[in-house]
Amino acid sequence: MHMSNLRGLIREVRQELKIIPAQVKVVKHVRYVYSCRRCEKEEISTPVVTAPMPAPVLPGSPLSPSLLAYIMTQKYGVGLPLYRQEQQFKGLGIDLSRQTMANWVLHGANTYLTLIYDRLHEHLLTRDILHADETTLQVLQEPGREATTKSYLWLYRTGREGPSIVLYDYQTTRAGKHPCRFLKGFKGYLHVDGYDGYNGLTNVTLVGCWAHARRKFDEALKALPEDKRNKPVAAREGLEFCNRLFAIEHELKDKTPEERHHLRQVRSKPVLDEFLTWLKKQKAQVLPKSAFGRAVYYCLDQWDKLVAFLQDGRLELDNNRSERSIKPFVIGRKNWLFANTPRGAKASAITYSIIETAKENGLNPFHYLIYLFERLPNMDIKDKDALDELLPWSKTLPHVCRMDN
């Protein structure tokens, strides 16, 4: 067949994802010192002119901003322990020990990232709605404590409004003095679960978590024999009360805070009043230590906190925002298991804080950390306005830091 008789040829396109392996390159920084040759010959005193050179992240080491950012985001962003990074670097022909990397991480977090962390903390305390949670952390070399003793990582974060701030705080215990110290000066609403360690806060209204309440009725239902789970038992009734509240909230998600506040009084409050009457009736006939009894007693003990969401349309029905924010640490902990020292635990808390806050503000953590490690060694760190220009929501951040870059 003659080619001129062919029409309507189909253009086939095949796409592939190509991997470009990581590369490590040596970058030499050369600085020139200028002097006057005529002055030298005639022994005339003259000032020496030195070309400017950016300050390094760690003087006397080969550590660059990009290398430190890479190590940190690998460990705290994707959960790759340092010993596995050590193996990866060996595959690239680089002999870099995990101890060296650990020292670099400590330096980067406790010298530079802590400056951003402290400024974020100051901004956090100016908000009037926050969330809090806590989880365990094992630190091997804590003075006066067994290596198996559990320490805690506390989480404090902003709510649905304004630029997101996510901060982690390492402490040796779960004592209530820790949130009192961290939140000193904060006034407003604090979303929490049922832990009573937050009860000592002053000028703070605690907002309970209906997800926890619902979960307890769900657990009570699952504890029943399988043939009774689908019947109208009391545990199912309690679960349905919770479901009704969440269904109303789902319908209000696109409303303004003012509209949500009004509609909660009209729609949610009657459900709450009916639920409270039901709970008091169940309390009189339930075994406190049974799964169903624990659900009933939890709701009654937490009732003032559970109904606090009615006070402001910006408040949320649950504390899931905190649970989502503490999850990256929990996942990472499964990979690197523990921190060796309190200083290391603090560095981990600081680095997680910067990375998670960066993510929530639409930044690429790797490029953002590079930018921070380039700027912080070369600026006046006491200038709060200058530090604010480096915060994750700053309009002056270069576009390369954005996730959509």
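Modeller: A residue counts as buried under 20% relative accessible area, exposed over 50%, and partly exposed in between (1.4 Å probe, protein chains only). This is a predicted model, in which local features need pLDDT of at least 70, side-chain atom pairs count only at pLDDT 80 or more, and totals for chains, interfaces and linings use all residues. Residues are numbered from 1 along each chain as its sequence is written, and side-chain values use heavy atoms, with hydrogens and water left out.

Colleague: Is N203 buried or exposed?

Modeller: N203 is exposed, at a relative accessible area of 56%. This residue sits in the loop between β6 (188–191) and β7 (204–207); strands (E, at least two residues) and helices (H or I, at least four) are DSSP runs, numbered from the N terminus. The phi of N203 is positive, about 60°, although the residue is not a glycine.

Colleague: Which residues is N203 in contact with, leaving aside its neighbours within four places in sequence?

Modeller: Contact means heavy atoms within 4.5 Å. On that basis N203 touches F186, K187 and G188. G188 is 15 residues from N203 in sequence, and their C-alpha atoms are 6.7 Å apart.

Colleague: What does the protein look like as a whole?

Modeller: The secondary structure comprises 14 helices and seven strands. Of the 405 residues, 44% are buried. Among contacts between residues at least 6 apart in sequence, 65% join residues at least 24 apart.

Colleague: What is the N to O distance between R119 and D388?

Modeller: Their side chains meet in a salt bridge at 2.7 Å. This pair links distant parts of the chain, R119 in helix α4 and D388 in helix α14, 269 residues apart. D388 is partly exposed, with a relative accessible area of 21%.

Colleague: And the pair K359 and E356?

Modeller: Their side chains form a salt bridge at 3.3 Å, N to O. K359 and E356 lie three residues apart in helix α12 (residues 342–360), so about one helical turn lies between them. K359 is partly exposed at 35%, while E356 is buried at 7%. Elsewhere, salt bridges that share partners join R119, E122, K384 and D388 into one network.

Colleague: Which residues gather in the patch of negative charge on the surface?

Modeller: Patches are made of residues with over 30% relative accessible area and no salt bridge, with like charges joined within 9 Å and nonpolar side chains (Val, Leu, Ile, Met, Phe, Trp, Tyr) within 5 Å. Asp and Glu count as negative, Lys and Arg as positive; His and the chain ends are not counted. A charge is placed at NZ of Lys, CZ of Arg, CG of Asp or CD of Glu. The negative patch here consists of D380, D383, D385 and E389. E389 lies in the segment after α14 (384–388), and is partly exposed at 38% relative accessibility.

Notes: Accessible areas come from the Shrake-Rupley method with a 1.4 Å probe; for residues, only the protein chains shown count as cover. A salt bridge is a side-chain nitrogen of Lys or Arg within 4 Å of a carboxyl oxygen of Asp or Glu.
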